[in-house]
Amino acid sequence: MTVAASPVRVPLIDLAEQHAPLHDEILAAWSRILRAGAFVSGPEVAAFEQEFAAACETRHCVAVSTGTDALVLGLRALGAGPGDRVIVPANTFVATVEAVSLVGAIPVLVDCDPPTRTISVEGVERELRRHGAAGIMAVHLYGHPADMDALARVAAEHGAWIVEDAAQAHLARCHGTRAGALGHIGCFSFYPSKNLGATGEGGAVTTNDAALAGAVRALRDHGQRERNRHELVGCNARLPELAAAALRIKLRRLEDWTADRRRVAARYAGALRGVPGVRLPYTAPWAEPVWHLYPVEVDHRGAVRTRLDRMGIATGVHYPSPIHLQPAYMQLGRGAGTFPEAERSAARVLSLPMYPELPDAHIDRVAQALLAAMEDTA
Ligand SMILES: *Cc1c(COP(=O)(O)O)cnc(C)c1O
């Protein structure tokens, strides 16, 4: 007696599949480190910093322990501290805003632009004109760059700096310039699920400014520029050698993986264009996004998700609540209705499976399942 096999589930991402062909290469690198016994501040981190700076087309890269630390140390290097107002989008991963809070500065939330869902330049300009700000956190959400040309113009007018939160945007471009090379400082995360993921935690700061790079370099290592001379009150935010070695191996595949993410996005767009109740992600004409996620917006998201799950399709929600409605940020006193676009997006976004190895047949299955789910819930 044969039983019809239920079709395999389509996962949201699949790291095991990404690492299978790299397994031996990574183990060989780790074996060299184990035998040498140099686990921090060694040659792998130094080489990775050079290679990642080259990939981002920046002069400097400083590797750190997490993306959140990259943001915190980037802000500290810029001198952000108590009393400083720092403009952040209301729709981002919480770490962007946390970093502002952690240096003692005041997060000033701004709504997003509906097409790209990145920070509204008009909103930023309004804040700068009314109350001023020390700086702006520009988040390249989902791998689509913020409108950096326009932001740079208004920031320069008001003497504000720009930190790029490029945690989701490795290799993205805005008007031809790489993410990480667009602001005063760029911050990356190598959390395992990011476009470039470490074997554990990891992060990096990129910049063309030698003084800022030097400050971050000192801050990540107890404030010392030379051994046992602690010029700044720093911390320990160093990237381990084992993580750097794996990152170097994976960085060599990042262009190919990015091309594959674009293949997945294009195939989704082809299959889902015009489906009633589904809004596809928008790409600005000046942007080369890298599709960290593929977030559509749908009516009746809860019901659609449940139906997709029953059809074997994993989905995600990035993110279910904007910052001002999170318990930790109720203290900002911005209630529901303050940032309508961020709230609308939070209620409607649905991330479809997105990873470089996703086969075309799976993409088509996801698209068909979404079509059926939309008909069902219409
Ligand atoms: C992942 C992420 C971070 C934080 O990075 P970690 O390495 O997890 O600390 C910050 N901002 C955004 C937009 C992210 O997606």
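Strands E7, E6 and E13 form an open sheet in that order, with antiparallel pairing. Strand E7 (177–178) and strand E13 (287–288) are at the edges with a single partner strand each, so one side of each has no neighbour in the sheet. Strand E6 (residues 173–174) pairs with E7 over two bridges in the antiparallel sense, and the bridge partner of Arg173 in E7 is Arg178. Strands (E, at least two residues) and helices (H or I, at least four) are DSSP runs numbered from the N terminus, and two strands pair if DSSP finds at least two bridges between them.

The model is predicted, and local features need pLDDT of at least 70, side-chain atom pairs count only at pLDDT 80 or more, and totals for chains, interfaces and linings use all residues. Residues are numbered from 1 along each chain as its sequence is written, and side-chain values use heavy atoms, with hydrogens and water left out.

E8 runs parallel to strand E5 (residues 161–165), to which three bridges join it; Asp165 has Cys187 in E8 as its bridge partner. Four bridges join E8 to strand E9 (residues 203–207) in an antiparallel arrangement, where Phe188 stands opposite Ala204.

Helix H3 (residues 43–56) has 14 residues and reaches 20 Å from its first C-alpha to its last, close to the 20 Å expected at 1.5 Å a residue (1.5 Å times one less than the number of residues). Buried residues of H3 include Val45, Phe48, Phe52 and Cys56. Just after H3, Glu57 has a positive phi of about 60 degrees.

Grid points are joined across faces, edges and corners, and a volume is the space filled by probe spheres set on the points.

The largest pocket has a volume of about 490 Å³. Its lining has 28 residues, and Phe93, Ser189, Tyr191, Lys194 and Tyr319 lie nearest its centre. Helix H4 (67–77) and helix H5 (94–102) are the elements that give two or more residues to this lining. Domain 1 (19–251) and domain 2 (254–377) both contribute to the lining of the largest pocket, so it lies between them; the domain bounds come from an automatic or database assignment.

The second largest pocket has a volume of about 210 Å³. H6 gives the most to its lining, with five residues. This pocket also lies between domain 1 and domain 2, because both give residues to its lining.

Three cavities of 30 Å³ or more are found in the whole structure. The largest cavity has a volume of about 90 Å³. Of its 13 lining residues, Tyr142, His144, Pro281, Tyr282 and Trp291 are the closest to its centre. Each of domain 1 and domain 2 supplies at least three residues of the lining of the largest cavity.

Methods:
1 Å grid on protein atoms, 1.4 Å probe; cavity = no way out; pocket = protein on both sides within 12 Å on 5 of 7 lines; lining within 4 Å. Buried < 20%, exposed > 50% of the residue type's maximum accessible area, 1.4 Å probe, protein only.
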